[in-house]
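The report below concerns how two chains pack against each other. Please have the sequence and the coordinates at hand while reading.

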Amino acid sequence: MHIPDGFLSTPIWAGLGAASLPAVGVLARRVQRELAESAVPRLGVMGAFVFAAQMINFPLAAGTSGHLVGSALLTYTLGPASAALVMSAVLILQALVFQDGGILALGANIFNMALGGVLAAHLSYQYLARSGIRGVGIFAGGALSVFVAGALALAELGLSGVRIPTAILGVSLSLLALNGLVEGALTLLLLRLLEGLNPRWVQMPEAVSRPALGILLIGGVLLVTGGVLVASTAPDSLEWLAEEIGLAERARNLLETPLADYQARFIAWPWLAQAAAGLAGLAAAFAASVAIGRALARRRRG
Amino acid sequence: MHHVVLEQWARRTGPVHALDPRVKLGVTLLFLIAIAAGPPLSVAQFAAYAGLLAGVVLAAGLPLGGVALRAGIVLPLAGAFAAVSWLAGDSHRGLTILLKSYLSVFAALTLVGTTPVARLFLGLKRLGVPASLVLVVQFVYRYLFVISEQVQHMRLAAKSRGALERAPRRYRLMVPAGAIAVLFARSYRRAEAVHHAMLARGFTGQIEAATPLRLGAADLVAGGAAAGVVLAVRFAF
C-alpha cells in the first residue's frame, strides 16, 4: 500500500501533500501540548513496535500471507492524535531510510494510512460501539482502517491516470477486503488480550451514538470510495457526473475572476479538473457525513 | 541487511558527505519534483538524469553498482503496474512509471547513502518539520532494531518450543495475535523504562546535536550548482 514516487500525477501528490503536511503539523503540536513534552520518546518506541509487528508474517488462505498494519491498534491504545503522529513517523522513516514508499508520495501515503486509516478506526468505533456490540466496533475499526487506506491508494492511482483493468481491480479489492477482515479480527483479538494483561493500555474512543448512524456512515464511506474507484477506472463517467452536478461549471466560474489567465490552461488539463473534482467530491462527502453524524449525536444528547 | 549497508556508506567521508544535509535534502527534492512534474522521460533525458546521479554517487565514493542494484527494490511493484498499464493498452505510461520510480528511488538512496541518519533528521528539524515529529521519528529509528531483534528472539523461542510452520486452522490468527500482544507488552514497558531513564538523566524534551549544522559558502555554491544542473537537464532535453 506504500505508493512509490513516479506513480502519482502532480496534482494528486501535490494536493495530498498540501493536505497532509499541515494536518500532521497540527497533530504534532496537539500531541506535544497534551502529552508532557518529555513523554514523546514513548510514542517513538511504540512506533518501533508497529514497525517490528508489521514484520510478523503469517499464512492466510490460498498461499497468501498477511501482517498487522497497526493503525487501528494504535488508535485504541494511544488515542487518535498520537496514533496518527506515530503512523506518520513510521511512514516518514520508511520513505526516507527504507525506500518503502516515495518521498514526494509521502503526503499521499500519510493521507491514506496515517490520517485516513486512523480516522476510519476512530469513527467506526465511536459510532458502532455501544455496550452490547463493542466487539463489532473494534472489528469494523480494524477492517475499515485497512480497507479505506487501500481503496484511497487505488483511487489516487486511478485519478493519476494509471488504468487498471476491471478484472485486476476486482482482484485487488477482494485481497484488500480479505486483509481488512484479518486486520479487524487481529485487532479485536489483540485488544482482548491486552485488556486482560493491563486495562490501562487500552484507551477506547468515547462511543457517541446509535449504531444505525455508524452503519450509515460506514456505508457512506464505502459507497463514496467505491464510486471514486469506479469513476477513476472509467474517467468519462466522472466527467459526466461533474457536468451533471455542475461542479465543473462552478469550478470554472470560481476560477474565472481571480485566475482568468490560467483558465485556458486549466481547461487544457481536463485530467486536472477531473482529479480535483473527484478528490473534492470525496472530501466533501466525508466532511458532510462527519458533520451530519456530529449534529445528530449532539441533538440526541441535548 | 539493507539499512546496515546504507549506514556504512553514510559514515564514509568525502565531498558529498560533508555537505550540509539541508542542501542535500533541498536538491533531492528539486530532483524528484523535476522528474515527477516533468513530461514522460525521453531516452536522452533518462540517461542525463541517471548520469547526474551516477556522477554524485561516484564523487561520494560509493559503489555505483551497489546503489543501482539497491534502487531495483522498487522494480517489482513498478513492473507490476507497468504490466497492468500495458494490459490496459497504455504501454507508454507503464514505461514512464518504471523509469520515473527507478530514478526517484536512486535519488533517495543517494541522499541516505551520503548522509548519516542523525544528520538527516537534524536537517529536517532545521527545515521546519515539527520537533516532536522528528523526535518520534528518531526514536522509531533508534528502537526499531532493538524491537526487531526481539521479534527474531521470539521466533527462535517459538521454534525451539516446537511451533509449527502452519498452525491448525482454528489457531491461525490466535498465534500471531499472541505473539504481537507479548511484543506490545514488552515494548510498552520498554517505552516507560526508556522514558524514566531519560528523565533521570535530565532529558527536557529535545535531543541536542553534538555537532550543530553550519551552512557555509561551499554548501551554498555546491547546492546552487547542483540545482542548476538539475534544472538544465529538465529543460534542455
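The model is predicted, and the values below are computed from it. Chain A contains twelve helices and two strands, which run from the N terminus in the order α-α-β-β-α-α-α-α-α-α-α-α-α-α. Of its 302 residues, 50% count as buried. Among the contacts in chain A with a separation of 6 or more, 78% are made by residues 24 or more positions apart.

**The contact between the chains**

On the side of chain A, 61 residues are in contact with 68 residues of chain B. Elements that each supply at least two residues to this side of chain A are α1 (10–34), α2 (40–53), β1 (58–59), α4 (80–96) and α7 (166–197), and α2(A) gives the most, with 13 residues. By class, the side of chain A that touches chain B has 45 nonpolar, eleven polar and five charged residues.

| Helix | Residues in helix | Span | Expected span at 1.5 Å a residue |
|---|---|---|---|
| α7(A) | 32 residues | 46 Å | 46 Å |
| α10(B) | 27 residues | 39 Å | 39 Å |

The buried residues of α7(A) include A:N179, A:G180, A:E183 and A:T187, as well as A:L188, A:L189, A:L190 and A:L191. What covers the buried residues of α7(A) includes β2 (65–66), α3 (71–78) and α6 of chain A, together with α10 of chain B. In α10(B), the buried residues include B:P176, B:I180, B:F184, B:Y188 and B:H195, and the cover over the buried residues of α10(B) includes α2, β1 and α7 of chain A together with α9 (131–160) of chain B. Just after α10(B), B:G202 takes a positive phi of about 95°.

**The nonpolar core**

Which residues have the most contacts inside the largest nonpolar core? They are A:L85, A:V86, B:V136 and B:V140, in a core of 148 residues. Helix α6 (residues 134–159) of chain A contributes the largest share of this core, 16 residues. Domain 1 (2–125 + 214–236) and domain 2 (131–200) of chain B both give residues to the core, so it lies between them. Leaving aside its neighbours within four places in sequence, B:V140 is in contact with A:G44, A:G47, A:A48, A:F51, A:A89, A:V90 and A:L93.

**The domains of chain B**

The centres of domain 1 and domain 2 of chain B, taken over C-alpha atoms, are separated by 33 Å. Four residues of domain 1 of chain B are in contact with five residues of domain 2 of chain B, and the residues on the domain 1 side divide into three nonpolar, no polar and one charged.

One further residue of chain B, B:R70, has its place in helix α5 (residues 64–70) of chain B. Is B:R70 partly exposed or buried? B:R70 is partly exposed, because 19 other C-beta atoms lie within 10 Å, whereas a residue counts as buried at 20 or more. The C-alpha atoms of B:R70 and B:Q138, 68 residues apart along the chain, are separated by 24 Å.

Definitions and conventions:
Residues are numbered from 1 along each chain as its sequence is written. Chains are lettered from A and ligands numbered from 1 in the order in which they are written. This is a predicted model: local features need pLDDT of at least 70, side-chain atom pairs count only at pLDDT 80 or more; totals for chains, interfaces and linings use all residues. Two residues are in contact if their C-beta atoms, placed from the backbone, lie within 7 Å. Helices (H or I, at least four residues) and strands (E, at least two) are DSSP runs, numbered from the N terminus. Ala, Val, Leu, Ile, Met, Phe, Trp, Tyr, Cys and Pro count as nonpolar, Asp, Glu, Lys and Arg as charged, and the others, Gly among them, as polar. Domain bounds come from an automatic or database domain assignment. The expected span of a helix is 1.5 Å times one less than its number of residues. A residue is buried if 20 or more other C-beta atoms lie within 10 Å of its own, exposed if 12 or fewer, and partly exposed in between; C-beta atoms are placed from the backbone. A nonpolar core is a set of buried Ala, Val, Leu, Ile, Met, Phe, Trp, Tyr and Cys residues joined through C-beta atoms within 7 Å.
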